[in-house]
Amino acid sequence: MSHEAALHAHESHGHDDHGHHEHHDTFLTKYVFSQDHKMIAKQFLITGMVWAVLGGLMSVLFRLQLGYPEASFPWLESILGKWAKGGQITPEAYYALVTTHGTVLVFFVLTAGLSGTFANFLIPLQIGARDMASPFMNMLSYWFFFTASIVMLSSMFVETGPFSGGWTAYPPLSALHDASPGSKTGMDLWIIAMALFVVSSLLGGLNYIATILNMRTKGMSMTRLPLTIWALFFTAVLGVLSFPVLLSGLILLIFDRNFGTSFYLSDIFVNGVGALSNEGGSAILFQHLFWFLGHPEVYIILLPAMGMVSEIMSVNSRKPIFGYMAMLGSLFAIAVLAFLVWAHHMFVTGLNPFLGSVFVLLTLLIAVPSAIKVFNWLTTLWRGNIRFTPGMLFAIGFVSLFISGGLTGIWLGNAALDIHLHDTYFVIAHFHIVMGVASMFGMFAGVYHWFPKMYGRHLNNSLGYIHFWVTMAGAYLIFWPMHYQGLAGMPRRYFDFSIWESFKQFADLNRFISTVAMIVFATQILFLINFFYSIFKGRKVTDPNPWKSNTLEWTTPINPGHGNWPGEIPEVHRWPYDYGKDGVDFIPQDVPVGEHESSH
Amino acid sequence: MGLHICIPILGRLTPKKVGYFYSNILDSQYFCTEIETEMSNVTTASTKEAKWWNGGKSPFDVEYGKVMMWYFLMSDAFTFGAFLISYGTVRFSTNGWPDPNKVFKSFPFAPEGVNAPLVFVSIMTFILIVSSVTMVLAVHAGKMMDKKGVVRNMIWTIIGGIAFLSCQAWEWNHLHHEGAWWGLNPFINADGTASTTNFTNFFFTITGFHGFHVFSGVVINIIMLIMTLMDKFEQRGRYLMIEKAGLYWHFVDLVWVFVFTCFYLL
Amino acid sequence: MSDNTHDHHDVIAEIKKVTIILSVLTIVELILGFWMIDITSEGLRLGIKGVIVILMMAKAFYIVAYFMHLKHELKNLIMTIIVPLALFIWFIIAFISDGNSFKNLRNNYDRRFKEQSTIQVKQEEHGAKHEAAGSAHGEKATETKKEEHAAGEHH
């Protein structure tokens with residue numbers, strides 16, 4: 001029975017015949033409602049890129065305000081209309097921009113755009129499967145994400161503007177309709193978009209988990225999985241277990257907004273209104289619920305990048321990854337700890353101080369698996385025969401940023417320091433470096449590395465190098481000074497610092513940061529040009545395995561069809577990191593173990 | 001075999017392997033080749049258990065849809081968990097709370113002032129337990145390829161689900177007539193002080209969300225019944241979808257165990 | 001699926017057994033619930049509530065293990081389901097204890113909150129609520145509050 005069931009599990013898929021005959025897809029089934037995981041991955045990637053551009057543009061706009069608070073730009077009014085009266089962004093617009101920038105980049109770009117793209121693209125290819133466990137659900141996952149995107153986008157065009165209470169959507173700003181212009185329709189649309197997004201990530205996550213567990217090819221045991229797949233597996237588990245908590249929190253928020261309940265509202269005093277009639281609610285409850293998702297979310301963003309970086313580093317150092325098991329164990333440890341530390345975002349909320357100290361302890365524990373990973377990356381590079389491809393550079397950049405941002409995480413994890421640093425630019429610098437830019441680097445590394453597999457063409461290397469060096473330098477130039485601003489007490493989310501005598505000293509620095517931000521943004525446009533040009537006109541891939549890599553995706557044809565392998569799915573005989581073994585440069589996973597092959 | 005070492009959640013640790021792990025933690029290459037040789041031995045003298053994780057089949061001996069259903073239910077457990085834990089949190093952060101026995105004391109068709117705490121809800125609980133039992137019987141009949149048994153038990157399950165929903169509708173209606181609703185709480189705390197509206201807020205939200213699950217469960221069961229009657233599963237040679245629907249239905253029952261305890265007993 | 005090794009009657013017998021166990025557990029819970037109605041001692045109430053929670057967990061175990069068939073699945077599957085659910089332990093402890101601490105903080109530093117919870121009110125007549133129930137929720141909530149405040153001041 002057992003083997004039968006397993007057999008059925010594979011057969012019932014009906015994909016095994018895919019590789020064998022030509023498809024006659026229409027444009028609609030091939031490019032739009034495709035059920036091919038590779039096409040869905042590209043859809044996620046390109047939608048994510050659109051959002052990244054929009055989110056980046058928003059940051060440029062509000063950096064313009066922060067850098068040049070007194071200047072007036074008439075062209076702004078012609079784009080933004082009433083949101084930039086007299087060529088200056090209004091405070092409402094500023095807050096809306098900041099909020100949407102955060103929401104969009106955290107959820108739409110670095111969650112859907114990163115794990116959506118690479119989980120879809122790499123899981124079936126690297127574990128040796130024809131497609132996802134349920135290609136249909138996979139397609140639904142993308143279309144829920146797309147719908148969420150449309151709803152979020154539409155919130156920017158409503159009369160009162162998008163939500164403007166910060167991406168964390170804390171009540172009462174999010175619970176009271178009159179708290180700010182964005183708390184009206186904008187917030188409703190925000191909630192709907194997030195609910196759709198939760199459905200999308202759930203559909204995707206279930207699929208990734210079931211696929212990795214059930215659909216591995218023969219011989220692909222769990223310890224022969226590339227680290228990318230392990231990372232994506234933990235990412236999916238994190239998403240499946242934590243997003244529902246956000247959904248619950250949002251449902252309660254909807255009731256508070258529209259049905260007169262007081263889950264999050266109490267008899268607080270509101271300027272101009274007086275005391276609210278609500279009783280007994282607790283705004284802290286929302287923060288708990290939000291961060292129960294919010295903290296795992298940080299790792300949902302980071303883990304895929306970590307996995308891809310491990311893979312890319314090993315391939316381009318021509319060395320096995322150092323400490324495969326330790327890497328795996330630390331991924332697991334990070335995934336578990338991710339669920340235990342959420343309240344370190346809430347040290348200043350009036351959290352029970354004893355509870356806070358437990359959260360400090362648990363938070364600092366994350367440093368251990370993180371350090372293990374960093375050391376293993378560095379020792380993977382050690383005495384490697386390194387090829388500095390753009391993908392590799394971005395992977396190294398990731399490690400650098402992860403160290404710089406991770407170290408400040410240890411500061412912030414201490415409640416005693418956090419009370420001083422909370423909600424300052426120090427926090428902004430920390431999470432942008434460690435989570436934002438670092439994951440972005442992971443994503444770039446992934447795109448540069450797997451672009452030949454995605455499109456059968458190469459990206460332009462020279463543009464890639466320019467892209468890397470400007471972005472790398474820019475990331476530090478933008479965010480490093482923010483640490484000093486934060487230590488000096490400069491609070492985040494303020495519209496205009498020029499009115500405080502104590503922050504006037506930072507006027508030049510702010511202008512500098514804004515200028516660099518614009519340059520970096522322009523460089524990303526260069527990457528986009530490179531990306532879209534290369535899809536159609538890039539140098540064609542001639543070698544099916546251009547990076548001389550061991551993993552299974554390179555055993556497929558240069559442009560694999562739906563079903564990935566034209567013939568049989570290869571069987572796996574070894575782990576994916578046999579680089580430089582017995583003087584052989586690389587031994588792909590599907591090569592049987594030779595009789596006299598050394599064990600070391 | 002070696003693969004069990006690294007995944008304590010998924011596999012087994014043996015002392016020997018723990019030893020390998022620690023002695024070689026800093027030298028992955030050595031460690032992994034060690035595993036490799038071990039593995040090649042395994043393939044020749046394969047023990048059955050070691051092969052579960054080796055690829056080419058499900059490590060759980062379960063078809064992918066069922067894996068997805070289990071993980072979906074876990075994720076749904078977190079949704080309900082978040083609701084119930086929020087309820088607990090708010091209850092713990094409030095000084096007084098209404099006594100459920102004074103709130104839920106009515107019974108259909110009984111005179112206005114009747115005092116019958118817990119009676120109605122215990123009937124609801126038993127309805128759901130019984131419908132869960134008939135669901136198990138349906139799943140079992142499916143495994144036996146007994147179409148008649150499946151149909152009979154599915155019908156009972158659906159009736160049970162509808163009966164539960166009707167009970168809930170009556171109870172909601174009754175409470176609404178007493179003046180309770182989202183944002184409205186006519187009941188006072190057990191100690192005679194004024195109560196916040198969060199008692200009714202949480203009651204209606206959580207039982208409503210559970211009722212929504214029961215409703216979708218009934219819809220799924222009706223679809224399964226129709227598919228059974230159309231011989232879909234006979235043609236496929238197995239009643240797998242009934243098993244998955246069964247998992248969902250039992251989960252709904254499971255959630256009710258918690259909701260029932262949290263709202264009516266504690 | 002190991003049930004092929006079970007035979008038909010074993011399965012039915014198991015279902016019967018679990019049904020009886022679940023019914024008995026529920027009845028015990030209800031008896032405890034009825035008993036608790038007249039008990040005023042806080043300590044004893046807490047003890048009974050503890051027992052009820054344990055019974056609840058036992059019921060959950062029987063439903064998951066037998067009805068959802070988890071006990072007869074491979075250990076691999078059992079572990080992948082059970083281990084992540086352990087996250088609930090800290091989830092519950094942290095949330096509840098912070099809720100409790102929030103109450104204590106408010107009782108210490110928010111005089112109005114403390115006073116609110118000492119004012120005795122009378123349970124209002126059902127008839128009065130009856131007609132008002134249809135009106136807009138928000139307004140009604142305010143009204144109720146005001147009534148309660150008024151009742152409080154009266155005392």
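# A tour from helix 16 of chain A

Start with helix 16 of chain A: the cover over its buried residues includes helix 13 (390–413), helix 14 (415–421), helix 15 (425–455) and helix 17 (507–537) of chain A. Helices (H or I, at least four residues) and strands (E, at least two) are DSSP runs, numbered from the N terminus. A residue is buried if 20 or more other C-beta atoms lie within 10 Å of its own, exposed if 12 or fewer, and partly exposed in between, with C-beta atoms placed from the backbone.

Before going on, note that this is a predicted model, in which local features need pLDDT of at least 70, side-chain atom pairs count only at pLDDT 80 or more, and totals for chains, interfaces and linings use all residues. Residues are numbered from 1 along each chain as its sequence is written, while chains are lettered from A and ligands numbered from 1 in the order in which they are written.

**Stop 1: along helix 16.** Select residues 461–487 of chain A. This helix has 27 residues and reaches 39 Å from its first C-alpha to its last, close to the expected 39 Å (the expected span is 1.5 Å times one less than the number of residues). Its buried residues include A:Gly464, A:His467, A:Phe468, A:Ile478 and A:Phe479. After the helix comes A:Gly489, with a positive phi near 95°.

**Stop 2: helix 3 of chain A.** Select residues 37–67. The 31 residues should span 45 Å, and the end C-alpha atoms are 43 Å apart, which agrees.

**Stop 3: the nonpolar cores.** Such a core is a set of buried Ala, Val, Leu, Ile, Met, Phe, Trp, Tyr and Cys residues joined through C-beta atoms within 7 Å. The largest has 269 residues, and A:Ile209, A:Val309 and A:Phe398 touch the most other members. Helix 9 (residues 283–317) of chain A gives this core its largest share, 21 residues. Now pick A:Val309. Beyond its neighbours within four places in sequence, A:Val309 is in contact with A:Trp377, A:Ala395, A:Phe398, A:Val399, A:Gly442 and A:Ala445 (contact means C-beta atoms, placed from the backbone, within 7 Å). A second, separate core of 14 residues includes A:Leu64, A:Leu76, A:Leu97 and A:Val98.

**Stop 4: chain A as a whole.** Chain A holds 17 helices and 4 strands. Its radius of gyration, 24 Å, is close to the 25 Å that the globule rule gives for 600 residues, so chain A is as compact as a globular protein of that length. That radius is taken over C-alpha atoms, and the rule is 2.2 Å times the number of residues to the power 0.38. Buried residues make up 58% of chain A.

**Stop 5: chain B.** Switch to chain B, which has 9 helices and 0 strands. Of its 266 residues, 55% are buried. Colour by pLDDT, the predictor's confidence in each residue, from 0 to 100. Chain B averages 81. Among its elements, helix 7 (residues 198–229) has the highest mean pLDDT (95) and helix 2 (residues 28–44) the lowest (38). Over residues 1–47 of chain B, pLDDT stays under 50.

**Stop 6: chain C.** The average pLDDT of chain C is 78, and 75% of the residues score at least 70. Select residues 127–155 of chain C, where pLDDT stays under 50. For the complex, the predictor gives an ipTM of 0.91 and a pTM of 0.89.

Technical notes
Two residues are in contact if their C-beta atoms, placed from the backbone, lie within 7 Å.
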